[in-house]
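The following note sets out numbered points on the model shown here.

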Amino acid sequence: MKSAVATHRGMQVLHGERVDAYVEQAVALLQAAKLSAQYPIGSVSRTSPQGGSTLTGYLRAMGSRLHRGLYPQLEVELLSGFPSFKEWTRVRTDVDLCGRVLADLPAPEILRERAALDAAYGKQLLKFLYYSELLQLGLPPFEGMAIRLQRRMGDGAARFQLVLDKLDAVGLPLRCTAEISQQRSADPLITLRGDRAEAKRELWGMLYRVVSLDAELSFLQLQSLPGLHVHSVTIGTVGPLCCGSLQDAQPLDWPVSLCWQPHAAVLACAIETVQRSEQPELDQEDVSDRNNDPLSSLWKDALSAAARREYEQARTRYRYRIIKDRKFVADRANVAALKALCTQAGTQNLVYVVPP
Amino acid sequence: MAEKQKKTERAADQDEDALEALVNQFADPMSFVRELVQNSIDAGSVEIDVSCEWKPTAGEVGTASIHVDDFGLGMDRNIIETKLTRLFSSDKEGDLTKIGKFGIGFVSVFAIAPDAVCVDTGRGGESWRVLFRRDRSFSLIRLAEPIEGTKIQVIKQMTEPEYRALLPRVRGALHFHCKHVDVALRFSGEPITEAFDLPEALIKERDKSDLSEIVMGILPSQTKPILGFYNRGLTLVERPSDVPHVGCKIQSSYLEHTLSRDSVVQDENYARIMSQRERLLRGPFLRTLMQKLDALLKEGAPPDRVRPYQASLAALVIRGCAAPADCENLAVATSITGLCVCLPELSSAAERGKLVHARAQTPLVDGLIKADGCVCPAWQAPLVAAMYRAGSGPWGASDTPDEDAQNAYAIEQQFVLPLPFHTSDRTLKKRITALCAATQKLLRKSREKAESVAMAQLGYEGSSVRGALSVVMPSGAFSLAPLPRGHDSLDGTLVIDAEHKQLQPLLPLCDREPELAAYTLLKLCLFGQMTAERDSALLTAAMETRWRRMTS
C-alpha cells in the first residue's frame, strides 16, 4: 500500500486527500495575501467576491476536486512549499490541450450513459469534466514576458515597462517589473512598431537569468546593457509557503518555530525594489536603503571591504536606493511567532490571518 | 509694499478659485469614487474594497464614512509630499500604462464637503496617516502599525436618513464608472465588476487589437443601446448608440476623458479607434447580422424576433454598408407573399422605384408584383425606407427612418391601380356608358387634355385612391402607375369610380341631362383644381352641347 506522503530529493510527493488538503490550504493563503500587480498574480476573477488569480487557478487544477483523480500524486518542492515545475507544466499542457481533447470526446450525456456499462467511459467522463472546468479557468501561462511602451520621450528615446513572470530556482513564483528608457540606437534592444514594443531575446534572456539573484543585481546587469537607462526594478516573490499538509517543508531562512502544528499555514510574500533617485533635492531619509524584510539582509552587508569599495562607486554613479519589504499570511496560531520574528529583526510587517 | 501685498492676495484668491473648480470638476460629486478606484488601479492593486458605515454621535446626527481600501504600492513620505498633496504633480501624464493623467483626481474627494479625509498608506516599511481637515489643510502622522496599500476614509457628519440616501449613490457611482475594471472591486463585499461584454446581446462580435478592444452586439428591443468608451475598464463616457438596437463598448488605453470628464478627447487616436469600430461594423458584424437574419427569416420567425436585426441592418444600409460578397444571397427580408429577398434584390427594386411595403396582399400589391416590383410586409418598413436612402449617411440622430419616412414607402403612397368595373345590371351599365361618353365629349369640347374617360373600381380594399371619385391614369386606365400627385392636369385617362356614392345621383340625371351630369361630374372630379376660367369653359361647352342636342 502506498503511503499518503513520500519524500525524495527535496521533494515531497502527496497522494489522495493530502493533495486536496494542501491545495485548499495553499489557495486560502494566497487569497488572503492581497497580492498586488507587483506579484505574479495574473488576472483576478472580478466577479467572485474572493477573487482568484492565476496562481490559485493553477493550484486548484492540481487538486483532485478539479482533475477528479486523473493524476495520482502531486510533487511539492520542500524549499518553496510550492508544487514542482513539472506540476505547473502539466497543468499548462492540459490547458493547451483543452480544446482538442474536448472536441475528440463524445458528448457528456453519451459518456454518462455508457459509463454505467464500461469503466473506460467513466474515465472519459471525468476527463471531460476536468478539461471543461480547466477551460473555464482560462489560465494564462505561468511563465511569460511582456513589454509595454510607457511613453515616447522625443529624439527616438522611449520609456518601457518590462514584466517577467517565472518560477525561480527553488520553485517560488516571482514577477520582475523593470522600468527602463532606451536612447536612439543603431542596434536597439527594444524596437517599436507603432506603439507595440518588442524586446530582443538577448534582453529577455538576461532578465530571465538575473531575476533569480535579486533586484539590485538585476538592476545593475540591466544597466550594463548598451543604450539602456534603468529607472527601477521590482521583484515580487510569492512564498515560501508552509502548511501542515507538508510534513517535511524546509523553507529557506525559515525559523523552525513556525509551522510546527499539523494544521498550521504560513505564506511569506516579499517585494524588493531598486529605484533610481531622480530627484536630486530629496533629503537623506528619502534616498537611503530600507530593509523591512525580517528574513533577508541587503546584499551589500555580505560584501568584503574591497568589494564594498567598488560597490559604493556603483551606488554613487547610479544613485539608487533599495527597498525590501515582506508580508505574511498565517493561521492564528502562528501570528505571535511571526510578530516576534519581526520585532527581533526590527521590522514592521503585515501579518494577515488566514481564516480557519 | 501695499501693492505687493494686494498682488499676493489676488494670486491667492485666484489659486483658491482654481482649487474650488477642481474640487467641483465633476457634475456628480460622487464621481470621486471613480478617481480613487483609478488611483488604486494605477498603484497596482488588484483588489479594491469600498464600504460605508455610519456611527451615531449626539442627537440625530452621526458620522458617516466612505472607505476605499486598496492593496497596491502605497505611498511613502516623499510621494505624499510631492504627489498626493500637490496638484498637477502626477508623473502619470503620457504614461500609457496608467489611467490617471493630470494629478487632480484625489482632490475631488472634497466635492461632498467632507468634515475630514483620512489617508492611511504604507510603502517599504514606513506607514503614514495624512489627515485632511475640512479646509483641506493636512497633517502628516507616522503610524506605528504597518499598512499595505492605501486606505482612504471620507468622513462626513450626517443623519441616518441622509446616510441611507448616500449608500445607493456610492454604489451607483461605482457601478456606472467602474463596472468593467480589470480588478476585483467590491462594495460591502459584493462584486461590482462585470466582464467587458454585452451579456444580453442577441448576437455579438469582438475585435481586439493593439489599439483597442471592441464588443458590439444587437440588443433586445427593451434594452436601450449605448455607445460606451472605457479606459482599463473605467467608464469615460456612455451615450445613446448611433445604430438602432446595436450596443457597442470600446476599451482602449488611448482613450482619454477631457479635463471635465464629460467627454472623450477626439484626437488622432480616437479617429483611429472609430475607424476600427466602423470596420468591425461593416465587416464581421454585418456578416453575422446577415447570417442571423437569413436563418430567422428562413425558419419563419415572428416579426418581433426579426425586427431588431432588420432595424440594425437598415441603419447600416443608410451608412452605406454593402453586403459582404459571401452574404449577397442571404435573405434579409421577405416579400408579402412569403418569399425570401436578399439585399441586392431590395437594392435593385429600390433603384427602379418599385420597392414598397404593404399591410396585406391586395390587387394593388398583385399588380406591382406582376410589374416586377418588390412588396414587403409593413413591419419591414424601416428596411424598405432605408433602401431608398442607402449610403446617404445618418438619417437623423438615431439613424432610424422616422415614421413619416417609413409611411412614404407604403404601396398606397406610391402606386395606383384601377380595376375594371363589371356589372350584370344592364341599366346601370348603359347609364355608366352614357355618362362616360358625355363626360368625354364635354372634355374634348372644353379643350381639356384628357384622352378618354373610363369607369372603374377605385374603392376596393387596399386601393391607394379609396374614397376618391376619380384618378387620372397617364398610360391606360387599368395598368399600374405611380400615384399622381395632384389633379392639375387631366393628361391621360380620367378614371371614375363607378361605385362612388357621389356618382349615384348623376346616373339617373344622365338619362335626361347628360351634359349637366357630365359637367357636375367633372366639377366633383376637379374639386380643388377648379378655377373660374376652367369652370366657365366647361359650363359653356356643356351648354353649347346641350343646345345642339336639343336643337338637332
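Predicted model: local features only at pLDDT ≥ 70, side-chain atom pairs only at ≥ 80, totals over all residues.

1. Leaving aside its neighbours within four places in sequence, Asp535(B) is in contact (heavy atoms within 4.5 Å) with Tyr519(B), Lys523(B) and Met530(B). Asp535(B) lies in helix 15 of chain B, which covers residues 532-551. With a relative accessible area of 18%, Asp535(B) is buried; buried means under 20% relative accessible area, exposed over 50% and partly exposed in between, with a 1.4 Å probe and protein chains only.

2. Residues are numbered from 1 along each chain as its sequence is written, chains are lettered from A and ligands numbered from 1 in the order in which they are written, and side-chain values use heavy atoms, with hydrogens and water left out.

3. Ala438(B) belongs to helix 12 of chain B, residues 426-445. Ala438(B) is buried, at a relative accessible area of 13%. Neighbours within four places in sequence aside, Ala438(B) is in contact with Pro514(B) and Ala518(B). The C-alpha atoms of Ala438(B) and Leu516(B) are separated by 9.1 Å, although the two are 78 residues apart along the chain.

4. For chain B as a whole, there are 15 helices and 23 strands; helices (H or I, at least four residues) and strands (E, at least two) are DSSP runs, numbered from the N terminus. Of the 552 residues in chain B, 53% are buried. Among contacts in chain B with a separation of 6 or more, 63% are between residues 24 or more positions apart.

5. In chain B, five strands form an open sheet in the order 9-10-13-11-12, with mixed pairing; two strands pair if DSSP finds at least two bridges between them. Strand 9 (203-208) and strand 12 (234-240) of chain B are at the edges, each with a single partner strand, so one side of each has no neighbour in the sheet. From one strand to the next, the twist averages 10 degrees.

6. Strand 10 of chain B, residues 213-218, pairs with strand 9 of chain B in the antiparallel sense over six bridges, and a hairpin joins strand 9 to strand 10 through four residues. Lys208(B) stands opposite Glu213(B), and Lys204(B) opposite Gly217(B). Strand 10 of chain B is also joined by six bridges to strand 13 of chain B (residues 246-251), and these two run antiparallel. Glu213(B) stands opposite Gln251(B) in strand 13 of chain B.

7. Six of the six residues of strand 10 of chain B are buried, so the strand is largely enclosed by the rest of the structure. In a regular strand the side chains alternate between the two faces of the sheet. In strand 10 of chain B, both faces are covered: Glu213(B), Val215(B) and Gly217(B) are buried on one side, and Ile214(B), Met216(B) and Ile218(B) on the other.

8. In chain A, helix 7 (residues 201-210) and helix 8 (residues 215-223) pack at an angle of about 160 degrees, with their axes 9 Å apart. Axes are lines fitted to C-alpha atoms, for helices over the stretch in contact, and angles run from 0 to 180 degrees between N-to-C directions. Leu203(A), Met206(A), Leu207(A) and Val210(A) in helix 7 of chain A meet Ser218(A), Gln221(A) and Leu222(A) in helix 8 of chain A.
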